[in-house]
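Trainee: I would like to learn how to read charges and salt bridges in a model. Where do we start?

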Amino acid sequence: MSGLLTEIDHVAIAVRDLDAALDYYRDTFGATVDHRELIESDGVEEALIKVADSYIQLLTPTREDSPVAKYLERNGEGLHHVGYRVDDCAVALQAVKDAGGRVIDEAPRPGSRGTTVAFVHPKGALGTLIELVQE
Ligand code: CO
């Protein structure tokens, strides 16, 4: 354990075609989907592939104004964010604020799989979009 971060929860990869991405992981690595969920509020559909106690999260936009749609337009497919597991999302988010970091979510909110999450802005976080995930 490393301070407030207890584990890697997931590595999120933005893709244009979720089914094609899942085909790639299945055909190449024999990987199967553990969980699939439409998150209306974020305008995304995600599929989770379990790797030990962590996940690969394949993420695709469901509408044009989704942040992931904008990301794909700018950057193309690829690494979108890293989810770090924490014991208490509010405590970890406050630690980011106390350190002068920029947050996207001012307060923890519901994530997929019944988790509680908050996003930290890549500006001020070494260029990486960070998601704090409390199970
Ligand atoms: Co995520």
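Mentor: Start with what counts as a charge. Lys and Arg count as positive, Asp and Glu as negative; His and the chain ends are not counted. Keep in mind that this is a predicted model.

Trainee: How far apart are the mean positions of the positive and negative charges of the protein?

Mentor: They lie 5 Å apart, for 13 positive and 24 negative charges. For scale, the C-alpha atoms fill a box of roughly 45 × 35 × 25 Å along the principal axes.

Trainee: What is the fold around them?

Mentor: The protein has three helices and eight strands. Their order along the sequence is β-α-β-β-β-α-β-α-β-β-β.

Trainee: How many salt bridges does the structure hold?

Mentor: The count is 13. A pair qualifies when a side-chain nitrogen of Lys or Arg is within 4 Å of a carboxyl oxygen of Asp or Glu. One of them joins D42 and R109, at 3.6 Å from N to O. This pair links distant parts of the chain, 67 residues apart: D42 sits in the loop between β2 and β3, R109 in strand β6.

Trainee: Why does D42 count as partly exposed?

Mentor: Buried means under 20% relative accessible area, and exposed means over 50%. D42 has 25%, so it counts as partly exposed. R109, at 23%, is also partly exposed.

Trainee: Which residues are linked in a network of salt bridges?

Mentor: E7, D9, R85, R113 and E135. Within it, R113 and E135 bring N and O to 3.6 Å. R113 is partly exposed at 24%, whereas E135 is exposed at 61%.

Key
Residues are numbered from 1 along each chain as its sequence is written. This is a predicted model: local features need pLDDT of at least 70, side-chain atom pairs count only at pLDDT 80 or more; totals for chains, interfaces and linings use all residues. Side-chain values use heavy atoms; hydrogens and water are left out. Helices (H or I, at least four residues) and strands (E, at least two) are DSSP runs, numbered from the N terminus. The place of a charge is taken as NZ of Lys, CZ of Arg, CG of Asp or CD of Glu. Buried means under 20% relative accessible area, exposed over 50%, partly exposed in between (1.4 Å probe, protein chains only).
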